[in-house]
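Please keep the sequence and the structure in view while reading.

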Amino acid sequence: MIVNHDIFNSFWKGKNMPSENTASPSSFIHGIIEEDLKNSKNNGKVNTRFPPEPNGYLHIGHAKSICLNFGTALKYNGICNLRLDDTNPSKEEIEYVDSIKTDVKWLGFDWDNREYYASDYFEQLYGYAVELIKKGGAYVCDLNAEEIKEYRGKLTEAGKDSIYRNRSAQENLDLFQRMRAGEFPDGSRTLRAKIDMNSPNIHMRDPVIYRILRATHHRTGDKWCIYPMYDFAHCISDAIEGITHSICTLEFEIHRPLYDWILDHISVPCHPQQIEFARLNLSYTVMSKRKLLQLVQEQLVSGWDDPRMPTMAGMRRRGYTPEAIRNFCETIGVTKYNSLTDMALLEHCVRDDLNKKAPRVLGVLRPLKVVIDNYPENQTDQLDAVNNPEDLSAGTRKIPFSKIIYIEQDDFKENPPKDYFRLAPGKEVRFRYAYLATCTGVVKDPASGQIIEIHCNYDPATRGGNTPDGRKVKGTIHWVSAKHAVDAEIRLYGRLLTVADVSAEEGDFKSFLNPNSLEVLKNCKLERSLADAKSGSLFQFERQGYFCCDPDSKPEKPVFNRIVPLKDSWAKTEKGRKK
RNA sequence: UACCCCGUGGUGUAAUGGUAGCACAAGUGCCUUUGGCGCACUUAGUCAAGGUUCGAAUCCUUGCGGGGUAGCCA
């Protein structure tokens with residue numbers, strides 16, 4: 001696993017703080033908050049938290065939650081804590097903790113010194129469990145896992161009481177203490193909340209709140225052999241931290257009565273309000289940690305930071321910017337409707353951001369050799385090129401032109417279709433920033449018939465690409481001088497999956513993996529300046545797309561990732577024509 | 001067929017009882033030394049039926065459709 005912190009530390013530091021605007025998604029949640037504010041609830045405070053479990057890498061769905069939680073706190077002058085929800089040591093690792101912190105910072109949010117861990121509350125949580133037992137709200141149950149399942153009943157039928165349900169508080173206290181002391185084997189007993197085995201809500205049928213589990217915790221080591229369950233730990237952690245609005249995803253909606261029940265039955269300092277919203281689903285990808293982990297473990301991708309992954313690490317390596325992701329999160333909104341967001345919207349946000357800030361360069365992905373017959377053998381022109389037409393303060397640079405150049409294979413057609421205004425026999429095009437030239441001949445490989453070389457004559461009067469006589473030339477194509485070019489590897493990424501909505505398909509999601517999601521071009525020709533591009537730096541290769549210098553890049557062999565192609569209305573009409 | 005939640009153009013959302021709007025996508029045209037960007041325009045929507053109301057996407061009822069929930073996971 002490669003974690004290149006330099007990618008963003010060098011490039012983005014100080015440039016990626018969210019503005020008031022992008023950090024302010026408006027939604028039904030803010031409606032609730034503003035109502036609370038109006039009623040002076042919580043003394044006018046708005047405190048949130050982002051509470052990931054450190055059992056995997058953060059993905060774009062988490063970004064939505066991060067923007068919501070941190071953005072809400074920012075909007076209402078509150079605070080947002082980072083809390084690692086680490087109550088299940090069997091799945092959690094320090095590597096994940098580190099990556100989570102890295103990703104939240106990279107996205108542009110700051111938890112100051114409020115880096116909290118549910119595990120920091122284990123002692124307090126234990127105390128609250130004791131209080132609950134004393135109040136008759138919890139009991140130690142000796143049923144095993146299968147028995148508990150059986151006693152729980154079904155969705156459509158009530159459960160039945162455990163035979164251990166009516167133990168005395170004294171006995172429960174003694175047993176719970178001995179559970180902690182390690183007197184009983186894993187799985188032999190649990191602490192359960194004493195609620196209602198007939199509840200239509202299965203989560204209220206005496207849920208387990210503590211289990212015996214001998215696993216080394218990444219922070220508390222072997223100090224504990226009992227661990228609190230989510231439902232017990234989360235609401236109390238919220239209360240301990242003074243959270244006012246505990247925002248989570250829809251699948252916890254049915255847990256809310258339990259969240260409230262626990263807080264109502266112990267003496268916590270406050271009672272946060274749980275509010276649920278719909279998690280993000282993105283077309284042509286998967287968003288579950290389990291599936292992403294599978295892709296990594298089965299080496300179907302190169303790692304958590306494979307640029308095809310919807311993880312923050314993957315998107316970072318791909319070249320997506322924090323600003324683009326934040327803007328995306330604002331654009332998609334927050335509701336309770338289970339939706340499927342079009343990947344095209346994310347790509348739009350990426351292009352929109354990159355268009356403003358990415359310097360333009362010339363690079364040829366699939367080179368075709370062009371000889372300018374009437375250009376002097378050993379001459380080199382240094383031509384002025386605009387770095388960014390969207391930002392003239394980015395200035396200009398010099399690019400060298402000479403007798404032999406490379407153009408894109410797509411930019412020449414021996415038998416051009418109608419409306420094709422690139423290079424073709426007898427046709428004139430503009431080499432961007434350089435000269436107008438007319439195609440005079442084609443050289444083919446006698447054996448295969450493949451076009452291997454084009455011949456042109458240029459018009460010396462058109463230096464810089466201008467036409468003193470005012471003639472209009474519609475086609476402008478990019479090029480790179482052969483003798484000045486730097487050879488590079490370019491990785492083109494496609495969609496991870498072949499179907500937009502894999503949840504609607506039957507069978508294993510892996511059978512819908514796009515076999516062509518990665519195409520590596522090893523013979524690309526780029527303008528010289530790209531030889532010393534820094535890892536993580538972003539460019540627009542004119543007429544091609546946006547590209548990001550990969551950590552694998554070396555001065556002698558630069559490597560670039562295509563972040564997203566430019567929109568291509570010609571490809572669209574061509575495709576339409578073929579139909 | 002238990003309980004809970006959700007249904008607004010193709011997609012994502014706004015309208016909090018008072019003109020159904022925005023963005024993406026799709027399409028057309030203009031502009032253009034990036035077939036990019038930008039600009040203008042077009043297509044297209046309140047799940048259904050009743051009810052309340054001067055007036056309903058919004059409130060009520062029923063139906064239909066979608067999602068969630070039966071870990072000692074979170």
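Four strands form an open sheet in the order 4-5-6-7, and their pairing is antiparallel. The model is predicted.

**The antiparallel sheet**

- The edges of the sheet are strand 4 (138-141) and strand 7 (226-228), each of which pairs on one side only.
- Between neighbouring strands of this sheet, the average turn is 20°, with direction ignored.
- Strand 4 is joined to strand 5 (residues 190-193) by four bridges, and the two strands run antiparallel.
- Within that pairing, A138 has A193 in strand 5 as its bridge partner.

**The parallel sheet**

- As a general rule, the strands of a sheet pair through backbone hydrogen bonds, in either a parallel or an antiparallel manner.
- Another open sheet consists of three strands in the order 1-2-3, with parallel pairing.
- Its edge strands are strand 1 (47-50) and strand 3 (115-117), and each of them pairs on one side only.
- On average, neighbouring strands here are turned by 35° against each other, direction ignored.
- Strand 2 (residues 79-84) pairs with strand 3 in the parallel sense, over three bridges.
- R83 has Y116 in strand 3 as its bridge partner.
- Helix 4 (residues 94-107) packs on this sheet and touches strand 1, strand 2 and strand 3.
- The direction of helix 4 makes about 155° with that of strand 2.

**Packing of helices**

- In general, two packed helices are described by the angle between their axes and by the distance between the axes.
- Helix 12 (residues 322-332) packs with helix 13 (residues 343-357) at an angle of about 135°, and their axes are 8 Å apart.
- Helix 12 and helix 13 are therefore oblique to each other.
- The crossing of helix 12 and helix 13 is right-handed.
- On the side of helix 12, the contact is made by E323, A324, N327, F328, T331 and I332.
- On the side of helix 13, the contact is made by L345, L346, C349, V350, D352, D353 and K357.
- By class, this contact of helix 12 with helix 13 comprises seven nonpolar, two polar and four charged residues.
- Helix 2 (residues 28-38) and helix 3 (residues 60-75) have axes that come within 12 Å and cross at roughly 35°.
- The crossing of helix 2 and helix 3 is right-handed.
- From helix 2, the residues I29, H30, I33 and E34 meet L68, T72 and K75 of helix 3.
- The contact of helix 2 with helix 3 divides into three nonpolar, two polar and two charged residues.

**Aromatic pairs**

- The count of aromatic pairs in the model comes to 22.
- One of these pairs is formed by F176 and Y210, with 5.2 Å from centre to centre and 70° between the planes.
- The arrangement of F176 and Y210 is edge-to-face.
- This pair links distant parts of the chain: F176 lies in helix 7 (residues 169-181) and Y210 in strand 6 (residues 208-212), 34 residues apart.

**Residues with a positive phi**

- In general, most residues other than glycine have a negative phi.
- D112, although not a glycine, has a positive phi of about 50°.
- D112 is placed in the loop between helix 4 and strand 3.
- D419, also a residue other than glycine, has a positive phi near 75°.
- D419 is found in the loop between strand 15 (404-408) and strand 16 (428-431).

Methods:
Residues numbered from 1 in each chain as written. Chains lettered and ligands numbered in written order. Predicted model: local features only at pLDDT ≥ 70, side-chain atom pairs only at ≥ 80, totals over all residues. Heavy atoms only, no water. Pairing = 2+ DSSP bridges. Axes fitted to C-alpha atoms, helices over the stretch in contact; angles between N-to-C directions. Contact = heavy atoms within 4.5 Å. Parallel < 35°, antiparallel > 145°, perpendicular 65-115°, else oblique. Left-handed = near helix turned anticlockwise from the far one by under 90°. Nonpolar A, V, L, I, M, F, W, Y, C, P; charged D, E, K, R; others polar. Phe/Tyr/Trp six-rings, centres within 6.5 Å; stacked < 30°, edge-to-face > 60°.
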